[in-house]
Amino acid sequence: MGGGTVVVEAVSVLTDALADALVSGRELDFAGATLPASVLAAAICASRPEGAPALRLRRANITGALRLTGAKIEVPVELRGCVFAHVPDLRMAEFAGLALTGSRVPGLRAGNIRVAADLLLDDGFISHGPVHLTDAQIGGSLRLSAGRLRGAGGRALIADRIVVEGACYARRLHTDGEVRLPGARITGNLDLGGADLSSPTGDAFDATGVTVGGSFLAGRHNAGPDIAFAAAGRVLIAGARVGGDLVFSGAMLRRDVTAPDPGFAPDESRMPVIPGGIVDGSACLVADRINVEGNLELDDGLRTDGTVRLPNAVVGGYLRLSGARLNAPPGSADHGIALLGDGMDVSGDLEARDNGRGALACGGQMRLVDAHVRGSASLSGVELELPGGYALLGDRLRIGGELYLRGARCAGSIRLPDAEIGATLDCTGAKLESPRRRQDGTARPSLDARSASVGKDMICSDGFSAAGGVRIRRMAALKSVQFVGAVLGSTDSDPRYSLNAYGLTTPELVLRLTDPPAGRVRLAQADVGAFADSAPLWEAVGGLDLDGFDYQKMSDTRVIDVRTRLRWLEKVMPDYAPGPYEQLAAAYRRAGDEELSEQVLMARQRRRYSESNLLGRVWGVLQGWTVGFGYRPWLAVCWLVLFAVLGGAWFAVHEPPPVDDGQNPVFNPWLFAADTLLPIVNLGQDGYWRLEGASQWISSGLVAVGWILATTAAAGAARILKRV
């Protein structure tokens with residue numbers, strides 16, 4: 001015997017030895033000797049001697065059943081490394097403190113137990129049956145770290161409604177049955193770092209409705225980066241309240257492979273119907289309606305093979321997903337949901353970019369319908385995999401700051417209709433492939449942000465590509481929408497529209513593409529301030545829809561000449577429409593290029609009359625040659641002078657005789673030609689001369705030309721006055 005430890009060798013002295021140990025506080029080491037449970041119970045329940053510190057035993061082989069039901073033990077009891085032959089019955093007992101560190105029991109009945117200090121079931125504690133702590137009240141901490149619970153009947157720890165005034169430590173706990181803590185209240189931390197939980201029931205850990213005053217830690221253990229929380233079965237924490245952080249960093253969450261997958265309609269075309277609540281057999285983490293005052297960390301190598309459910313979760317800090325690998329349930333590739341965050345409210349940022357362990361990789365749908373992120377959402381570099389489906393479903397998603405999708409890789413469609421983004425939607429360098437398809441085989445948009453609102457810029461540049469095109473129908477971007485160096489649509493995807501910007505509202509629209517869009521570009525009814533384009537835009541497969549497209553000015557009006565722009569308009573407009581010409585002319589006019597504006601308007605009139613009937617086409621040709629459709633009225637004067645000179649030259653050579661020999665007017669060939677040419681105006685030469693032969697025809701021709709020129713000049717003057 002050494003170190004203050006007494007080795008008990010004779011059963012006859014057990015009672016005296018226990019009494020002496022109780023008084024002195026020394027630890028009794030039985031070294032595997034037997035100790036009847038009745039003797040131990042008598043010693044524990046005996047009146048506490050004055051000044052007795054604790055009863056401390058080690059390595060006792062306790063025979064018989066230890067029954068302390070309803071007992072009140074006034075001294076702390078430490079039974080370290082002991083072996084119990086029968087299940088201890090501690091129901092409704094009251095302990096000053098209880099430690100079963102390193103002990104082995106066939107089970108433990110301790111429902112409604114009261115422990116004023118700590119309850120220790122750690123450091124090698126092994127239970128071959130369920131540990132019952134239902135409605136227990138622990139005044140200190142509950143320690144389960146490095147324990148092993150081999151539950152029978154599928155339950156390893158049953159601690160419903162347990163109250164722990166301190167912390168609950170279950171680091172590196174190993175279980176072969178379900179750990180149940182529903183309704184538990186833990187004042188300090190709940191620490192499951194490095195724990196390994198499995199269960200034949202399909203639920204590895206059930207802490208539904210748990211209240212944790214500190215942090216809920218189910219991530220890596222500080223003993224090493226490879227030692228992290230693992231659960232083979234669902235983790236249920238629906239309705240949990242956590243005063244600190246909720247951490248699953250580096251954890252491995254695997255659902256029960258025997259649980260049935262939810263069914264989906266094969267022809268479902270919009271948002272798939274999702275299973276609800278804890279009945280979701282496809283989930284590996286059920287955290288519906290949780291309230292976390294700190295941060296929610298699902299990052300740093302977290303691995304899942306089922307749905308992570310966070311509907312209506314409230315997070316007071318940030319949500320971190322960086323480095324996580326979230327996979328939808330196996331066998332649900334078409335509609336599998338990897339992350340379900342409908343209605344989630346995050347007060348800080350949503351972080352999924354690379355922070356040292358890679359960005360988020362999501363093998364299934366990332367669903368954020370009606371979610372609200374009050375800070376920014378950084379999904380830069382994420383990998384979203386749901387080919388032919390909605391890889392990111394964010395209907396009515398609200399983000400207070402920026403939404404970053406820079407360099408994202410997405411096999412599937414990103415859906416953000418009616419989203420509200422407080423600052424910038426940045427998709428620089430994103431690659432969106434394998435979009436969802438309609439029943440007719442055409443691709444749905446790879447990026448669908450219809451009716452969304454963006455507080456600043458929407459940027460799709462520097463290698464951005466969307467195989468199914470982009471839909472920003474009726475979007476409102478308060479600063480700009482930019483597609484610079486972007487690739488819109490692909491021939492393999494056969495999109496209906498490579499860009500659908502119908503009704504878009506923004507102060508600046510930049511469409512400087514390097515390749516022609518693979519589908520039709522729709523700008524109808526869009527209302528933009530400045531408009532910048534490039535030649536590939538006007539070569540879009542299917543053309544451009546410019547009906548009602550309204551822009552105030554064009555960038556770089558002098559870089560691309562007006563004739564080139566007019567050719568572009570004619571190419572994309574199989575039928576005449578005045579609006580695009582008028583918008584282009586107005587843009588030139590606002591830029592101070594009145595001459596170019598008039599060229600556009602003349603081209604409009606030329607196109608208009610060219611598609612009219614024969615009479616209209618003739619009339620259009622006459623207006624174009626004579627007065628430039630009213631935009632060149634000086635041409636009429638030139639034509640009048642020319643015909644007056646030609647007529648005067650004819651009549652100077654072929655002077656007509658007077659009509660009446662009794663009068664002697666003086667003939668002036670130049671005034672006669674002018675008097676004949678100008679309608680209404682009388683210069684005193686017309687009506688005094690008899691015209692015959694060719695002169696008669698020439699005179700009639702001058703009259704006709706005069707009326708035509710006068711009419712076209714009047715029409716031109718009317719247009720000028722109308723513009724003024």
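Author: What follows is a walk through this predicted model, from the overall make-up to single residues.

Reader: How many helices and strands does the protein have?
Author: The protein has nine helices and 69 strands. Of its 724 residues, 55% count as buried, and among contacts with a separation of 6 or more, 55% are between residues 24 or more positions apart.

Reader: Which residues have the most contacts inside the largest nonpolar core?
Author: Those are Leu133, Ile237, Phe248, Phe464 and Phe483, in a core that has 178 residues.

Reader: Now the start of the chain. Which residues of α1 are buried?
Author: The buried residues of α1 are Leu14, Ala17, Leu18, Ala21 and Leu22. Seen down the helix axis, they fall within an arc of 135 degrees, so they line one face of α1.

Reader: Why would a spacing of three or four places put residues on one side?
Author: An α-helix has 3.6 residues a turn, so residues three or four places apart point the same way.

Reader: And what is on the face of α1 turned away from the buried side?
Author: That face carries the exposed residues Thr15 and Asp16. The buried residues of α1, for their part, pack against β2 (27-29), β3, α2 and β4, and just after the helix Gly25 takes a positive phi of about 80 degrees.

Reader: You mentioned α2, so which of its residues are buried?
Author: In α2, which covers residues 37-45, the buried residues are Ala37, Leu40, Ala41, Ala43 and Ile44. Viewed down the axis of α2, they fall within an arc of 165 degrees, so these residues too line one face of their helix. They pack against α1 (14-24) and against several strands, including β3 (34-36), β4 (55-58) and β7 (77-80).

Reader: Changing topic, how many cavities of 30 Å³ or more are there?
Author: The count comes to five cavities of 30 Å³ or more, and about 120 Å³ of space lies in the largest cavity.

Reader: Which residues lie nearest the centre of the largest cavity?
Author: Of the 13 residues that line the largest cavity, Trp538, Leu546, Tyr551, Leu569 and Leu584 lie nearest its centre. The elements giving two or more residues to that lining are β67 (527-533), β69 (550-554), α3 (562-572) and α4 (578-590). By type, the lining divides into ten nonpolar, one polar and two charged residues.

Reader: I am also curious about Arg604: is it buried or exposed?
Author: Arg604, which is found in helix α5 (residues 594-610), has a relative accessible area of 12%; the cut-off for buried is under 20%, so Arg604 counts as buried. The C-alpha atoms of Arg604 and Pro578 are 6.7 Å apart, although the two residues are 26 residues apart in sequence.

Notes
Residues are numbered from 1 along each chain as its sequence is written. This is a predicted model: local features need pLDDT of at least 70, side-chain atom pairs count only at pLDDT 80 or more; totals for chains, interfaces and linings use all residues. Side-chain values use heavy atoms; hydrogens and water are left out. A nonpolar core is a set of buried Ala, Val, Leu, Ile, Met, Phe, Trp, Tyr and Cys residues joined through side-chain atoms within 4.5 Å. Buried means under 20% relative accessible area, exposed over 50%, partly exposed in between (1.4 Å probe, protein chains only). On a 1 Å grid over the protein atoms alone, a cavity is a set of points where a 1.4 Å probe fits but cannot get out, and a pocket is an open set with protein on both sides within 12 Å along at least five of seven lines; lining residues have an atom within 4 Å of a point. Grid points are joined across faces, edges and corners, and a volume is the space filled by probe spheres set on the points. Helices (H or I, at least four residues) and strands (E, at least two) are DSSP runs, numbered from the N terminus. Ala, Val, Leu, Ile, Met, Phe, Trp, Tyr, Cys and Pro count as nonpolar, Asp, Glu, Lys and Arg as charged, and the others, Gly among them, as polar. The arc is that of the directions from the helix axis to the C-beta atoms. Contact means heavy atoms within 4.5 Å.
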